[in-house]
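Dear colleague,

Please find below the structure that I am handing over to you. My notes on what was found in it follow directly after it.

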Amino acid sequence: MKMPEFSIGMSKSVQKVITREDTALNFGSGALKNLLATPTLVALMIEAAVNTIDPLLPEKYITIGKSMEIEHEGPTKEGMTVTVTAKLVEVNGSELSFEVTALDEVGRIGTGHHVRQIVNYDILMNRVDERLKIIEGKP
């Protein structure tokens with residue numbers, strides 16, 4: 001299967017108004033009940049990277065996360081809008097590296113590096129099924 005050419009520097013952004021469901025309260029940190037949770041920030045970073053590449057892939061191909069390193073640099077209160085941009089910075093075979101940046105209305109709130117791997121969906125699901133056989137006691 002021929003993969004498309006990916007251009008270094010290509011990017012996509014996602015934007016979200018932070019709601020109660022996005023706050024630290026929902027992730028076990030009651031003391032920060034109205035602030036953006038780091039897991040929500042990570043999810044937005046992943047979404048931006050996926051939106052950059054996955055729509056360009058051939059049928060039956062997707063990207064999966066391989067690694068993520070972030071710094072959550074500033075607090076964002078419920079009701080504020082967060083914009084996250086993922087920019088492709090390196091292509092190494094099927095491995096794609098992104099710089100990710102998050103901003104709210106005040107300024108930068110997070111940065112990071114995210115690596116995704118291009119895989120065939122059917123092959124991945126077959127591997128999942130094989131792993132499940134181990135716990136189900138089937139050969």
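I begin with a turn: four residues lie between the strands in the hairpin of S4 and S5, where Gly107 has a positive phi near 160°. Strands (E, at least two residues) and helices (H or I, at least four residues) are DSSP runs, numbered from the N terminus. Two strands are taken to pair if DSSP finds at least two bridges between them.

This is a predicted model, in which local features need pLDDT of at least 70 and side-chain atom pairs count only at pLDDT 80 or more, while totals for chains, interfaces and linings use all residues. Residues are numbered from 1 along each chain as its sequence is written, and side-chain values use heavy atoms, with hydrogens and water left out.

The sheet

Five strands make up an open sheet with antiparallel pairing, in the order S1-S3-S4-S5-S2. Its edge strands, each pairing on one side only, are S1 (11–17) and S2 (61–72). From one strand to the next, the twist averages 25°; axes are lines fitted to C-alpha atoms, for helices over the stretch in contact, and angles run from 0 to 180 degrees between N-to-C directions.

S4 (residues 95–103) is joined to S5 (residues 108–120) by nine bridges in the antiparallel sense. Here Ser97 has Val115 as its bridge partner, and Glu95 stands opposite Gln117. S3 and S4 also run antiparallel, with nine bridges joining them; Lys87 is partnered there by Glu99 in S4. The hairpin of S3 and S4 has two residues between the strands, and in it Gly93 takes a positive phi near 65°.

The helices

Helix H2 (residues 121–136) lies across S2 and S5, at about 90° to S5. For H1, the 16 residues should span 22 Å at 1.5 Å a residue, and the end C-alpha atoms are 23 Å apart, which agrees; the expected span is 1.5 Å times one less than the number of residues.

The buried residues of H1 pack against S1, S2, S3 (81–92), S4 and S5. Among them are Leu41, Leu44 and Ile53. Buried means under 20% relative accessible area, exposed over 50%, and partly exposed in between (1.4 Å probe, protein chains only). Thr40, also in H1, counts as buried because its relative accessibility is 8%. Apart from neighbours within four places in sequence, Thr40 is in contact (heavy atoms within 4.5 Å) with Asp22 and Phe27.

The loop between H1 and S2

Leu57 is found in this loop and is buried, since its relative accessible area is 10%. Not counting residues up to four places away in sequence, Leu57 touches Met3, Phe6, Ile62, Thr63 and Ile118. Lys60 is placed in the loop between H1 and S2 as well. Although not a glycine, Lys60 has a positive phi of about 80°; most residues other than glycine have a negative phi. Lys60 counts as partly exposed because its relative accessibility is 42%.

Beyond its neighbours within four places in sequence, Leu96 is in contact with residues including Phe6, Ile53, Leu88 and Ile118.

With kind regards
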